[in-house]
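Please keep the sequence and the model at hand while reading.

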Amino acid sequence: MGDLSVGDHQAERKTGPNPEEGSPKWRIGSGHPLPRTWVLQDDRPGNSTQSLGLADSLGWTYEVKQLTFFPSFSSRNWHLPPSISHVDLAKSPPLSPPWPDLIIAAGQRTAPVAKWIKSQSGGATRIVQLGRKGGLVMDHLDLSVTPRYCQLPPHPNRLVTTTSLNRITPEKLHQAFQEGDRLMQDSPRPRIVCLVGGATPRYQLDDVIARQMGADLAKYARETGGRVFVLTSRRTGQSVARTIQDNLGETGRVFAWNPQENTLPYLTALAWAEVLVVTGESEAMLAEAAATDKPMVIYPLPRRPSGFLEMINPVKYIKGWLLNHSHLSVTNGNRSDPNPSPMKDLCTWFFAKGYCHPPRRLEVLHEDLYSRGIAQRFGKPLSIQSREPFNETTRVAGHIRWLYGCA
């Protein structure tokens, strides 16, 4: 089962309905039988996937507020106060009464808006903030849901998950499978679907790595007798996609990301896959693959080497020292710290107030998925056996329903 624990280093607690924890903590103030719910959206698909996935899982009627922000807004301020000054109100839905009982949001640009709405409601609105960028500073937040690999500061109102939330459900996969796809139905088996992300500030994916990836996948297909279907993303780039295809040869086909022409739908590929291979830098695709019951293999991308200026940057070393001497160590998973100290409290304070932002450690996510039997290492003997889907979205939704007394 998922490791969903309240991030308080003083005491480990499992979340979810628990009679010993007393009565529900949140109230429904709108006079409706269920909480009036708003979902604040920005233009980031990864944020929308998390927010809408949770809202869908709650099963309540909700209203989506698709916000537009001014381009000049500096989004790297982790501790913005309640504000809508960065919202282009002329291009956004109205933010006016009746105020919601519940706000679900993800991303750092939506967090100040959620806080502003809460202040306008006189504190009656509850905020559930998803992801690491909007949930670093817990001021005004009622619940923050962040994966363990994000290394965010411990807090009584933080839920720590293994993966990010998503919209994958057995029902959606079943429907996609029923609709079928001739491209996959008639292919040699096993059908190997590879989900490719792209280069990030920490991870590399260039033509050299793409060449190796294509050759590795071709070898994988020959050894298993299957065929490879590669789906790229908006971060992949055309050059990388072409290089993978060149090295796949006759063993597979690349379906390059194209918003105008979707030759092989994403859900269809997940539903018809018999093996899923996912590049290791894409936390969203790793979570979505884990939410299926398919054998899942992680293809790790190499880290970028540090540049000269980065190596001599004193801020990097100060931040690293604070991180290593804080309560944020992922080895504890934001659980009870066996060696608490005032120094650790002080170092953690710099992160809790937003003066420093901890890095993600996706290798921790990989190890968590390996240890749970959800994922396999690329290059190791492949076990083609179905497994239980791993999706913590329903568990987080269950906790929120319990907080409102709607479980």
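## The chain as a whole

The model described here is predicted, and its chain contains 13 helices and 13 strands. Of the 407 residues of the chain, 52% count as buried. When contacts between residues at least 6 apart in sequence are considered, 71% of them join residues at least 24 apart.

## Helix H11 and its partner H10

Helix H11 spans residues 342–352, and within this helix Lys344, Cys347, Thr348 and Phe351 are buried. Viewed down the axis of H11, these buried residues fall within an arc of 100 degrees, so they line one face of the helix. What the buried residues of H11 pack against is helix H10, which covers residues 314–324. Just after H11 comes glycine 354, which takes a positive phi of about 85 degrees.

The axes of H10 and H11 lie 8 Å apart, and the two helices pack at an angle of about 130 degrees; because of that angle, H10 is oblique to H11. Their crossing is left-handed. On the H10 side the contact involves Lys319, Trp321, Leu322 and Leu323, which meet Met343, Cys347, Phe350 and Phe351 of H11. Sorted by class, the residues of this contact between H10 and H11 are seven nonpolar, no polar and one charged.

## Helices H5 and H6

A second pair is formed by helix H5 (residues 207–224) and helix H6 (residues 238–248), whose axes come within 7 Å and cross at roughly 35 degrees. The crossing of H5 and H6 is right-handed. From H5 the contact draws on Asp207, Ala210, Arg211, Met213, Gly214, Ala215, Leu217 and Ala218, while H6 supplies Ser239, Val240, Thr243, Ile244, Asn247 and Leu248. Divided by class, the contact of H5 with H6 has eight nonpolar, four polar and two charged residues.

## Helices H1 and H13

The crossing of H1 and H13 is right-handed.

In this contact, Gly53, Leu54, Ser57 and Leu58 of H1 meet Thr393, Thr394, Val396, Ala397, Ile400 and Arg401 of H13. The classes represented in the contact of H1 with H13 are five nonpolar, four polar and one charged.

Leaving aside residues up to four places away in sequence, isoleucine 104 touches Thr37, Trp38, Val39, Leu40, Ser51, Leu54, Ala55, Leu58, Val128 and Leu130. As for leucine 143, which lies 39 residues from isoleucine 104 along the chain, the C-alpha atoms of the two residues are separated by 9.7 Å.

Key. Residues numbered from 1 in each chain as written. Predicted model: local features only at pLDDT ≥ 70, side-chain atom pairs only at ≥ 80, totals over all residues. Heavy atoms only, no water. Buried < 20%, exposed > 50% of the residue type's maximum accessible area, 1.4 Å probe, protein only. Helix = DSSP H or I, 4+ residues; strand = E, 2+ residues; numbered from the N terminus. Arc of directions from axis to C-beta. Contact = heavy atoms within 4.5 Å. Axes fitted to C-alpha atoms, helices over the stretch in contact; angles between N-to-C directions. Parallel < 35°, antiparallel > 145°, perpendicular 65-115°, else oblique. Left-handed = near helix turned anticlockwise from the far one by under 90°. Nonpolar A, V, L, I, M, F, W, Y, C, P; charged D, E, K, R; others polar.
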